[in-house]
Amino acid sequence: MASDLKPTVDFGETFGKLDIRLGKVLSAELEPSAPKKSYRLNIDFGKYGVRTSVGRFTGHPPEELIGRQVMGVLNLAPRQIGDVQSDVLVLGIQFRGAESGEATPVTPMTEGKLGSKLF
């Protein structure tokens with residue numbers, strides 16, 4: 001049974017503060033210093049530059065992620081994961097049948113311009 005929805009919030013005070021943009025994965029490789037099996041991704045966000053993310057997208061082989069467009073939150077504080085500073089949060093959903101935290105990235109149905117804002 002689904003859990004209850006969270007309380008209603010004001011758009012401008014919550015979602016409206018997040019800078020969620022479209023990027024393209026340039027590289028994906030295992031990050032051995034991460035506490036759980038994870039990939040270090042380098043992602044091109046167009047005019048917002050290339051950013052690094054460490055995420056648990058390991059249900060996909062690296063070659064399946066490279067070249068894929070993904071959605072990332074650009075304005076969260078950087079987070080130290082193992083030896084790597086992860087400076088973008090790639091949005092994902094639970095990978096079907098995998099343990100909690102294993103994810104598949106949120107991707108657009110058609111390619112868009114790098115750096116495009118989610119709205």
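User: Hi! What kind of model is this, and how are residues numbered?
Analyst: It is a predicted model, where local features need pLDDT of at least 70 and side-chain atom pairs count only at pLDDT 80 or more, while totals for chains, interfaces and linings use all residues. Residues are numbered from 1 along each chain as its sequence is written, and side-chain values use heavy atoms, with hydrogens and water left out.

User: Great. In what order do the strands of the open sheet stand?
Analyst: The order is S3-S2-S1-S4-S7, with antiparallel pairing. Strands here are DSSP runs (E, at least two residues), helices are too (H or I, at least four), and both are numbered from the N terminus. Two strands pair if DSSP finds at least two bridges between them.

User: Which strands are at the edges?
Analyst: S3 and S7 (89-90) are, and each has a single partner strand, so one side of each is left without a neighbour in the sheet.

User: How many bridges join S2 to S3?
Analyst: Six, and S3 covers residues 50-55. S2 and S3 form a hairpin with five residues between them, and Gly46 in the turn has a positive phi of about 65°.

User: And on the other side of S2?
Analyst: S1 and S2 also pair in the antiparallel sense, over six bridges. Leu30 stands opposite Tyr39, and Lys24 stands opposite Asp44.

User: Which residues of S2 are on its covered face, and which on the uncovered one?
Analyst: Tyr39, Leu41 and Ile43 are on the covered face, while Arg40, Asn42 and Asp44 are on the uncovered one. In a regular strand the side chains alternate between the two faces of the sheet.

User: What about S4, how many of its residues are buried?
Analyst: Five of its five, and S4 spans residues 69-73. Buried means under 20% relative accessible area, exposed means over 50%, and partly exposed is in between (1.4 Å probe, protein chains only). Gln69, Met71 and Val73 lie on one side of S4, with Val70 and Gly72 on the other. Gly72 is the bridge partner of Arg21 and also stands opposite Val90 in S7.

User: Switching topic: how many residues has the largest nonpolar core?
Analyst: It has 13, and Val25, Leu41, Ile43, Phe57, Leu65 and Val90 have the most contacts inside it. Such a core is a set of buried Ala, Val, Leu, Ile, Met, Phe, Trp, Tyr and Cys residues joined through side-chain atoms within 4.5 Å. The largest share of this core, three residues, comes from S2.

User: What does Leu65 touch?
Analyst: Not counting residues up to four places away in sequence, Leu65 touches Val25, Ala28, Tyr39, Leu41, Phe57, His60 and Pro105. Contact means heavy atoms within 4.5 Å.

User: Last one: how many salt bridges does the structure hold?
Analyst: Six. A salt bridge is a side-chain nitrogen of Lys or Arg within 4 Å of a carboxyl oxygen of Asp or Glu. One of them joins Asp19 and Lys117 (3.6 Å, N to O), and these two are 98 residues apart. Another joins Arg40 and Glu31 (2.3 Å, N to O).

User: Is Glu31 buried or exposed?
Analyst: Glu31 is buried, with a relative accessible area of 7%, while Arg40 is partly exposed at 24%.
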